[in-house]
Amino acid sequence: MTKIIDRKFCVAPMMGYTTPYARNLYRILSKKTFLFSEMIATKTLIYSKNNNSIIANKFQNPIALQVGGSEYDELKLSSKLAYELNYDEINLNVGCPSKAVQKGSFGACLMKDKTLVKNCLDAMQINKNIEVSIKCRIGLGKNFNYEFFEEFIDEILKSGIKIVYVHARNAILNGISPKSNRNIPPLNYNFVSKIKSKYPKITFILNGGIDSMDKALQLSKIYDGVMLGRLILNNPFCLKDVDRIFYNQINDYIISENTIKDYFNFIRPKLDKDSIYRLLSPLLNIFFGVPNAKQFKIDIHSKMQEHDFEMLEKIFLKFVKEKKIMIN
Ligand SMILES: Cc1cc2nc3c(=O)[nH]c(=O)nc-3n(C[C@H](O)[C@H](O)[C@H](O)COP(=O)(O)O)c2cc1C
């Protein structure tokens, strides 16, 4: 049986950002937040030998692996792999509007073919130990169409899945970039409220435009849960408050020298396996909004170029020691 997991607060899948390193930092800061991998194409997951820097999952649970694909056999095998890699959930991406993804017949363009999506979700349900979910938009094109969204959800729920993450804006498949597709189509949370009242037993997690922790908290009281992307990308350290605010845990996490030591201990063995920028970039946001951090940033960038790992750790430790009050 799948574990009972509270998805009140989720970090959205973000390619290039929700790497195993970032996820490790998120997990140091919050034990309860529900995490996502970056999206990985089913073919890459199955056939590439170099996918460890995307899928590695050491102590990051609760976590979902997000895949992109529409071939039933590949999706089935992906579920098996996700289970073997100790993921709690496998999630089908039906929200990404990029041209490359459309070429591969996955992402948001699949919303045009609800039966295909339902069959994909059927194929992914290989056993009861791994949850299967979907992340979708509320529609396609420039105009809102609740009927289209409702019919899509009606069909995909026939697969028996119980969890739907909704990026509550349309995807525009032609003429605008993936980045613009996260800003230009207007948000419409009302679609998520309406579908929830039709399917009260299904978990609908709200995503899109939640740009402060206050907003997230208010919305988490109305919806089954919230999913945040860019706020966490820009300032992962706000995750330190999630266990207390969203899950009523009494222990507050304090950012300290141990945060830095834990993080460096995790990335040290990966030094020859990935770029120093990818390894360190999640930590660079520690400077977010802290005054007079300029010299620290200059030192960090120069030591990154020199690959002086031990010195980098020392600079971060010094920063945290000096600015502890401001960061916490
Ligand atoms: C850099 C970046 C990469 C993203 N990559 C993915 C992805 O791999 N899979 C996915 O479903 N959504 C992806 N998204 C979309 C986010 O998951 C989320 O739906 C979107 O950013 C809206 O949430 P937000 O307003 O809280 O940022 C990405 C977003 C960003 C900013």
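View 1. Cys 136 is in no disulfide either: the nearest cysteine sulfur, in Cys 120, is 13 Å away. Cys 109 counts as buried at 12% relative accessibility, and Cys 136 is buried at 1%. Buried means under 20% relative accessible area, exposed over 50%, and partly exposed in between (1.4 Å probe, protein chains only).

This is a predicted model, in which local features need pLDDT of at least 70, side-chain atom pairs count only at pLDDT 80 or more, and totals for chains, interfaces and linings use all residues. Residues are numbered from 1 along each chain as its sequence is written, and side-chain values use heavy atoms, leaving out hydrogens and water.

**View 2. Strand β6 and its two faces.** Five of the five residues of β6 (residues 163–167) are buried, so this strand is largely enclosed by the rest of the structure. Ile 163, Tyr 165 and His 167 sit on one side, with Val 164 and Val 166 on the other. In a regular strand, side chains alternate between the two faces of the sheet. Helices (H or I, at least four residues) and strands (E, at least two) are DSSP runs, numbered from the N terminus.

**View 3. β6 meets β7.** These strands pair in the parallel sense over five bridges; pairing requires that DSSP finds at least two bridges between two strands. Val 164 has Phe 204 of β7 as its bridge partner.

Technical notes. A disulfide is a pair of cysteine sulfur atoms within 2.5 Å.
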